[in-house]
Amino acid sequence: MALFIKHKDRGELRVHENLDELSTDLVDYIAELSEVSVKDRGIFAIALSGGSLISLMRKLCEAPYNKTVDWAKWYIFWADERVVAKSHADSNYKLAKDHILLKVPIVPSHVHSINDSLSAEEAADEYEFVIRQLVRTRVVGVSEISDCPKFDLILLGMGPDGHVASLFPNHPVLDEKDEWVTFITDSPKPPPERITFTLPVINSASNVIVVATGSSKAEAVHLAVDDVGPDSPLLPARMVQPAKGKLVWFFDKLAASKLEGSQFS
Ligand SMILES: O=C(O)[C@H](O)[C@@H](O)[C@H](O)[C@H](O)COP(=O)(O)O
């Protein structure tokens with residue numbers, strides 16, 4: 001049975017028995033956030049990442065969600081993207097398109113992916129420009145506490161090194177304060193060229209979900225969530241701290257096995 005825990009300062013932790021249970025809870029929670037956002041703003045602006053997260057979201061294409069979710073109100077973005085052609089197997093856009101976007105009635109003009117004919121730097125600049133236009137028209141909300149966009153939901157996976165989006169440990173882009181979207185050309189996880197939302201944008205969202213599964217993530221989950229003290233490495237996942245928004249972690253038992261209390265091992 002799943003265990004839901006309110007952590008004193010790291011948001012809500014949801015630990016699941018297995019991937020099937022996690023996936024069911026994840027899509028149910030996303031559908032709930034969509035409903036609330038559509039009721040409040042008439043829009044659900046959601047940013048995706050790549051990795052296993054997308055296959056864990058596939059139940060959204062099935063009953064009841066394929067009929068009950070207000071797909072026409074969804075606007076899709078990417079929290080990070082690999083700078084490759086949209087038809088390339090490494091493209092986060094292609095991953096989401098093949099598994100989800102083609103299978104639900106999302107309005108094609110609401111899907112905002114990067115321009116794959118540009119360099120990483122140009123693609124990041126242009127993507128930020130696109131988001132700025134959509135903030136101006138309030139398709140994307142605006143944060144009350146920063147000049148950042150306020151996405152209704154940002155969905156992140158986490159690597160075994162604790163990276164989220166394309167924010168890797170000890171990389172200088174972790175310090176980026178001014179840009180909304182930036183680029184890297186030296187990603188330790190291939191492919192090397194990527195664009196990514198910066199931490200101020202992630203931390204201005206109304207809701208952030210981080211999904212981590214499997215035993216290879218257990219140490220990073222411990223470092224990202226537990227009170228490990230200042231001498232431990234500061235992982236990008238630990239720097240995910242929405243100022244006003246709600247943070248929810250979705251783990252399976254393996255990823256949660258090194259969390260303090262170790263009731264999950
Ligand atoms: O572009 C990417 O590489 C992804 O956005 C990346 O940040 C991913 O979400 C994590 O690496 C976790 O991936 P897994 O869930 O597949 O381990």
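Predicted model: local features only at pLDDT ≥ 70, side-chain atom pairs only at ≥ 80, totals over all residues.
Trainee: Which residue places a side-chain N or O atom 2.7 Å from an oxygen atom of the ligand?

Mentor: Alanine 165 also lies by a ligand oxygen, at 2.9 Å, but through a polar backbone atom. The question asks for a side chain, and the one at 2.7 Å belongs to lysine 217.

Trainee: What percentage of the ligand's exposed area does the protein bury?

Mentor: Start from the ligand taken alone, which exposes 420 Å². The space that the ligand takes is the largest pocket. Of the area exposed by the ligand alone, the protein buries 89%.

Trainee: Among the residues around the ligand, how many are charged?

Mentor: The ligand is surrounded by 15 residues, and the closest are Ser52, Arg82, His163, Lys189 and Lys217. Lys and Arg count as charged, along with Asp and Glu. By class, the shell has two nonpolar and eight polar residues, and the number of charged ones is five.

Trainee: Which residue forms a salt bridge with lysine 246?

Mentor: The count of salt bridges in the model is 16. In the one asked about, the closest N and O atoms are 3.2 Å apart, and the cut-off is 4 Å. The pair links distant parts of the chain, 234 residues apart, with lysine 246 in strand β12 (residues 246-252) and its partner in strand β2 (residues 12-16). That partner is glutamate 12.

Trainee: Where is the proline that a cis peptide bond joins to alanine 63?

Mentor: Most peptide bonds are trans. The bond between alanine 63 and proline 64 is cis, with omega about 0°. Proline 64 is found in the loop between α2 (53-56) and α3 (65-68).

Trainee: What is omega for the peptide bond from proline 190 to proline 191?

Mentor: Proline 191 has its place in the loop between β9 (181-184) and β10 (194-197). The bond from proline 190 to proline 191 is cis, and its omega is near -5°.

Trainee: Is phi of arginine 138 positive or negative?

Mentor: Most residues other than glycine have a negative phi. Arginine 138 is found in the loop between α5 (120-136) and β6 (141-142). Its phi is near 65°, which is positive.

Key:
Residues numbered from 1 in each chain as written. Heavy atoms only, no water. Near = heavy atom within 4 Å. Polar contact = N/O pair within 3.5 Å; in protein donor to acceptor, adjacent residues only side chain to side chain. Areas by Shrake-Rupley, 256 points an atom, 1.4 Å probe, with all protein chains shown as cover. 1 Å grid on protein atoms, 1.4 Å probe; cavity = no way out; pocket = protein on both sides within 12 Å on 5 of 7 lines; lining within 4 Å. Sits in = over half its atoms within 2 Å of the grid points. Salt bridge = Lys/Arg side-chain N within 4 Å of Asp/Glu carboxyl O. Helix = DSSP H or I, 4+ residues; strand = E, 2+ residues; numbered from the N terminus.
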